[in-house]
Amino acid sequence: MRTARSLLVPLTATALCCADFFHPLGPAGVLFFVSTDCPISNGYAPEIQRICADYRGQRVSCSLIYEDTDVTRSAVEKHLAEYGYRSTPAAIDTSRAIAKRAGATVTPEAVLVDARRSEEHTSEL
């Protein structure tokens, strides 16, 4: 079983320059923009996990992008554990670089990125 600590991307979103999130290994990837203290994001945790599990077999990757600008790594690790995120990679987007590139403006929000590296669909959850 993976722990919350192992799910959190070790580099900051700024250091990643968004590249890893916008280059899914399979046919598509879904970026879920969430916040630790957003009750709506937290309420959608089971649905986000269901979506990720349902599409994993089709090689669609899912990532959680935390949009709390002042959240700590330990707070995100606690959140991942509390809400049962056991297999979804996560990153902290303190600079909002990933959100800006994806066009995400609220939490929760989902962005589908296709294998051609273009954002296909943005949707508030």
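This note comments on the nonpolar cores and the cysteines of a predicted model.

1. Main core. The largest nonpolar core comprises 18 residues. Those with the most contacts inside this core are F32, I48, L64, Y66 and L80. Two or more residues each are contributed by the strands β1 (28–34), β2 (60–66) and β3 (90–92) and by the helices α4 (45–56) and α5 (73–82).

2. Another core, of 11 residues, lies apart from the largest one. Its members include L31, I98, A99 and V111. As general background, nonpolar side chains in soluble globular proteins tend to be buried together.

3. Surroundings of C62. This residue is found in strand β2. Leaving aside residues up to four places away in sequence, C62 touches V30, F32, C52, T88 and P89. Of these contacts, F32 is also among the residues with the most contacts inside the largest core. The C-alpha atoms of C62 and G29 are 5.6 Å apart in space, while the two residues are 33 apart in sequence.

4. A search of the whole structure returns zero disulfides.

Key:
Residues are numbered from 1 along each chain as its sequence is written. This is a predicted model: local features need pLDDT of at least 70, side-chain atom pairs count only at pLDDT 80 or more; totals for chains, interfaces and linings use all residues. Side-chain values use heavy atoms; hydrogens and water are left out. A nonpolar core is a set of buried Ala, Val, Leu, Ile, Met, Phe, Trp, Tyr and Cys residues joined through side-chain atoms within 4.5 Å. Buried means under 20% relative accessible area, exposed over 50%, partly exposed in between (1.4 Å probe, protein chains only). Helices (H or I, at least four residues) and strands (E, at least two) are DSSP runs, numbered from the N terminus. A disulfide is a pair of cysteine sulfur atoms within 2.5 Å. Contact means heavy atoms within 4.5 Å.
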